[in-house]
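Open the model in a viewer and keep the selection panel at hand. The tour has two stops.

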Amino acid sequence: MPSGDSPKKVALITGITGQDGSYLTELLLGKGYIIHGLVRRSSSTIRHRIDRLFEDRSIYGEQLFLHYADLEDLTTIRRILTKTQPDELYHLAGQSHVGTSFEIPESTCQFTAMGTLNLLEIVRDLPSRPRFLYASSSEIFGRPEKYPQTESSSYRPTSPYGVAKAFATNMVRVYRDSYDVFGVNAICYNHESPRRGESFVTRKITRAAAAISAGRQTSLAMGNINARRDWGYAPEYVEAMWRMLQLDAPEDFVLATGKQHSVQEFLDAAFKQVGLSWSDYYRRVDKYCRPSEPGELVGDASKAYERLGWRPEVDFQSLVGIMVEADVQRIQQSASELGKATSAP
């Protein structure tokens, strides 16, 4: 290393193959970080969000390294952290689907709640502790008493997912206060992108709009379309996460747009993007309704603006447009590849 050059920062990201993990990886690579990603063994072949980086030999093996371990595999995780000695640890992994948590409450709590506690215990014992960020959720507020919610709002979760997230969020605070761990909670409201998983309502809508417009789908089955959410753009949220770990002292932050929109509004915006009316294709199916819906979740991110200089820039209509256009392009690319395959001699 030439004299005067500072050593590169090292980050470890759990859930690196997810939506947030992939965007955070790109952000940190742009800042010159060395990145280690923790991947579940069952996800070893499912990393399409970071395949471009994995296949780039100037990046993978040079700036980016993947390690395979489940969150309950404490021995392996401890070994990875001891070997890589990260400066920053971004804990993004866990069962991330609220609706699914009603079907698998035990594993949701095991991975989301206990997985976080396990990581905190390992961090506590490390001789050189990394700064620790936990990706919390607005679901911890459940049916809130006040609107909008801030960092000091009461936790009133309404789903197994929300309960597990509340446990983990409180544990980060306990380890910060009791053991002097630099631990912070990024209390994220819904944030979407073209990389959102296909089982989430936003991607289900944008994929359907694109497919119906291309003649590949005839209807869209959904549950409650009156539910309202505070929706933002995922790449902006991971920028805030990084800023949180650059502060002199650890603090929790709400990350939100402060504006609510209903699922029906999302439907309307998505189908208008392709020149269609959602009501011509929508079918209500009760099995897609949650047993319990949260209340009016809308966040007040004024602290993030004041302390981090962070403010979401991509508005609701632009977000929906970005997602629909990406799904339209995927269908067109798929059709083009199919055409080339069928015309080959």
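This is a predicted model: local features need pLDDT of at least 70, side-chain atom pairs count only at pLDDT 80 or more; totals for chains, interfaces and linings use all residues.

Ser136 has a relative accessible area of 4%, and because the cut-off for buried is under 20%, Ser136 counts as buried. Colour by secondary structure: Ser136 belongs to strand E5, which covers residues 131-137.

Next, show what surrounds Ser136. Once neighbours within four places in sequence are set aside, the residues in contact with Ser136 are Lys165, Thr169, Asn185, Ala186, Ile187 and Cys188. Display the side chains of Ser136 and Thr169: a polar contact of 2.6 Å joins them.

Now move to a pair of helices. Select residues 74-84, which form helix H3, and residues 105-125, which form helix H5. Their axes lie 10 Å apart, at an angle of about 40°. How are H3 and H5 oriented to each other? Angles under 35 degrees would count as roughly parallel, and 65 to 115 as roughly perpendicular; the angle here is about 40°, so H3 and H5 are oblique to each other. The crossing of the two helices is right-handed.

To see where the helices meet, show side chains on both. Leu74, Ile77, Arg78 and Leu81 are the H3 residues in this contact, and Asn118, Leu119, Ile122 and Asp125 are their partners in H5. Coloured by class, the contact of H3 with H5 shows 5 nonpolar, 1 polar and 2 charged residues.

How values were computed
Residues are numbered from 1 along each chain as its sequence is written. Side-chain values use heavy atoms; hydrogens and water are left out. Helices (H or I, at least four residues) and strands (E, at least two) are DSSP runs, numbered from the N terminus. Buried means under 20% relative accessible area, exposed over 50%, partly exposed in between (1.4 Å probe, protein chains only). Contact means heavy atoms within 4.5 Å. A polar contact is a pair of N or O atoms within 3.5 Å; within protein, one must be able to donate a hydrogen and the other to accept it, and residues adjacent in sequence count only if both atoms are side-chain atoms. Axes are lines fitted to C-alpha atoms, for helices over the stretch in contact, and angles run from 0 to 180 degrees between N-to-C directions. Angles under 35 degrees count as roughly parallel, over 145 as roughly antiparallel, 65 to 115 as roughly perpendicular and the rest as oblique. A crossing is left-handed if the near helix is turned anticlockwise from the far one by less than a right angle, and right-handed if clockwise. Ala, Val, Leu, Ile, Met, Phe, Trp, Tyr, Cys and Pro count as nonpolar, Asp, Glu, Lys and Arg as charged, and the others, Gly among them, as polar.
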